[in-house]
Amino acid sequence: MERYEKTFLAASAAVLVIFLCALGYGSVAMDIHLPSHGGMIYCGAGEKLRKVLRKTPPFDHVGVQEIAPGKYQAVVIAHTWSFTPDEIDVPVGAEVSFVATSVDVIHGFFIVGTRVNMMLIPGQVSEFSYRFAKPGEYLLICQEYCGQLHHTMSGKVVVK
Amino acid sequence: MSTPVVSEPSGFALPQGQLNAIKWNIYFGFAVLAIGVIMGLDQALNYARVDVVQYYPVVKSYYQGLTIHGVLNALVLTTAFANGFIALTTARGLGRKLNDVLLHAALWTLVIGSLLAAYAMLSGKASVLYTFYPPLEANWTFYLGLALVVVSTWITSAAQLMALRGWRKDHPGERVPLLAFMSIATYVMWDIASVGLAVEVVVFLLPWSLGLLPGVDPMLDRTLFWFTGHPIVYFWLLPIYVSWYGLIPKQAGGVLFSDSLTRVAFILFILLIPVGFHHQFVDPGVSQGLNFTVAVLTFAIFFPSLMTAFAVMYALEIAGRRRGGSGLVGWFFRIPWSDPSVAAQVLAMIAFLLGGISGLMNASYTMNMEIHNTAFIPGHFHMTIGCAVALSYMGIAYWLIPYFERRELWSSRLALFQGFSYFFGVMIFSHALMAGGIEGMPRRTDMVHATYGLAAWKIPGIMTGVGGSLMFVSAMLFFFILVMTIVAGKRTSQRDLPFTATVQAPSTIGWQPRLDRFSYWVLASVILVIAVYGPFFLGHFPPRLTTPGLLYP
């Protein structure tokens, strides 16, 4: 019976290695990346993060900007319980880099039906690039509990 | 030619005082579960757009109910059950009583801690959910209460280790009996894993909530939480593994095959503690390389679960064949399905297979981006903790309560029906949540009052409510059977634990005795923890406690 035991364990290990290869293939060959770290925002003692953000690029200019031909940057600030801005208009097929952070508690940034899904943590900048292949209106929601009106925290992404 | 997994197979009677302390841990846990389950009904129906929390006494909001549900079911119940059940299996495994003072101190610490946390949650001063991410800020009683809950596990662990030391002195050169080894390994794993949560609460959150610290570092606290927040899953699971490996084979009429394989599976859980970062795949401030390392470790943790699938299924196969089963799968139908304790736990194993596979999907960080913080996640963990663990608790209770009370189970047939109905309830519930999650339906969101919603969430939402209601009714049936057993079960003499035997006895020569040296595995685990977490924590030292709290959110 020890033979069965060894066979089963070898098969188990093989399955996990295959899964890991699939994960590696997705990361490297298909270039699927996780949200990246866009830096930190330091706030001195007694300073309000909200005020510091207003002076810190790119959060001094929220909203969508074309930063290079066909390349856009959408800068969003989350607070209890809304996104600023709460409507983001981007062209179809263009590379859009979402740069976002939170001024108060931990929030989420999830565009339903896409891979754009990141945590927004006070003092940390989150960044994620995405191309919308289809035009339409996408729902943007906060996916992390952030207080009593968490379920009202939403926005939209309009892709034209 | 088989070897029992306990020290004194002829029977060792635990003093009644110790048995009572153990019993009250378990009863306290189930009483807490009853409250948690009542809260859970609201969360399930909320997805179906039915608002029942408005009719609840005391509880005023969805999030308050959700906090109570998570804290009671995932932290208090699991701790109470483990403290009681694992104390029992350790004492019985070693054939030795535990330290009286420590055993009672653990129970009282747990009860007082739970009451403090319950006060904070019920008074609406701690609606911060089970993950209590700062800067959401709760009343200090919440943090102190949870800290005491953790301390109760350390006291239990100390009682176990003292008993082990005494046993070793009396049995030089002998192998630690398997049942005791599994039990002690569970707590050794948890002793290391719980450090993150303890530091978060005691060093940062408790002083902060008392006004002694100006603010918090949300990224650091979040990481400390998940340091414990993933291995806590093994703390829920391993007591169940103790039953699956050490007791179920006997209950089903079989034997466990390999002693060493079982020990190695438990040791792997001690080694692979640092995987908590996989809850932070989409966090800023966690590097790509770290994410990939943690994904590899998380896949590795699936390996001991596959070992368990093999070992436990083989034990059941031996049982099925002994009972006349034949063919490739015929044995499966011959295991004693009419025994409610066996049936519930085998159904729990089936749920765990599905829960484990969906867990691998979460661990694959590319796929995780589609489902992170969607309803897919509670869909996954209601198959693991909500079914594999909870239904096993129920199955264990079906022999444990008669054991405590010296009474027979009241209505074995109703208990059998209860196990199956709970299983099907969870299957409907979890499938619906996962289907909704793939469509982007969020978790932890008051859907009744949400200002948004998609048509694609409607059917999954309704089915979540249907499955959750079935789980609720079945759980209530479970409590009814327990109470009836305690007050009206037929009196009987006390039976011993249904401990199993192994075909391959533990070897006293070669490499195998080293498996019992917990210090080796603790050292290896600590080195791995430092390698994975060290750079992150160094980068966050000294912590920047500048983020103010959002009090009683």
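Domain bounds are those of an automatic or database domain assignment. On this basis chain A is divided into domain 1 (1-32) and domain 2 (35-159), and the C-alpha centres of domain 1 of chain A and domain 2 of chain A lie 36 Å apart. The structure is a predicted model, in which local features need pLDDT of at least 70 and side-chain atom pairs count only at pLDDT 80 or more, whereas totals for chains, interfaces and linings use all residues. Residues are numbered from 1 along each chain as its sequence is written, with chains lettered from A and ligands numbered from 1 in the order in which they are written.

Chain A contains 2 helices and 11 strands; helices (H or I, at least four residues) and strands (E, at least two) are DSSP runs, numbered from the N terminus. The order of the elements of chain A from the N terminus is α-β-α-β-β-β-β-β-β-β-β-β-β. Chain A has a radius of gyration of 20 Å, well over the 15 Å that the globule rule gives for 160 residues, so it is more spread out than a compact globule. The radius is taken over C-alpha atoms, and the rule is 2.2 Å times the number of residues to the power 0.38. The C-alpha trace of chain A spans about 70 × 40 × 30 Å along its principal axes. Of the 160 residues in chain A, 36% are buried (20 or more other C-beta atoms within 10 Å of the residue's own, with C-beta atoms placed from the backbone).

Contacts are defined by C-beta atoms, placed from the backbone, that lie within 7 Å. By this criterion 48 residues of chain A are in contact with 50 residues of chain B. Elements giving two or more residues to the side of chain A that touches chain B include helix H1 (2-28), strand S1 (36-40) and strand S9 (124-131) of chain A. H1(A) supplies the largest share of that side, 11 residues. The residues on this side of chain A comprise 25 nonpolar, 19 polar and 4 charged; Ala, Val, Leu, Ile, Met, Phe, Trp, Tyr, Cys and Pro count as nonpolar, Asp, Glu, Lys and Arg as charged, and the others, Gly among them, as polar.

In chain B, 3 strands form an open sheet of mixed pairing in the order S1-S4-S3, where strands pair if DSSP finds at least two bridges between them. Strand S1 (3-4) and strand S3 (256-258) of chain B are the edge strands, each pairing on one side only. S3(B) pairs with strand S4 (residues 501-504) of chain B in the parallel sense over 2 bridges.

How values were computed. Buried ≥ 20, exposed ≤ 12 C-beta atoms within 10 Å, placed from the backbone. Contact = placed C-beta atoms within 7 Å.
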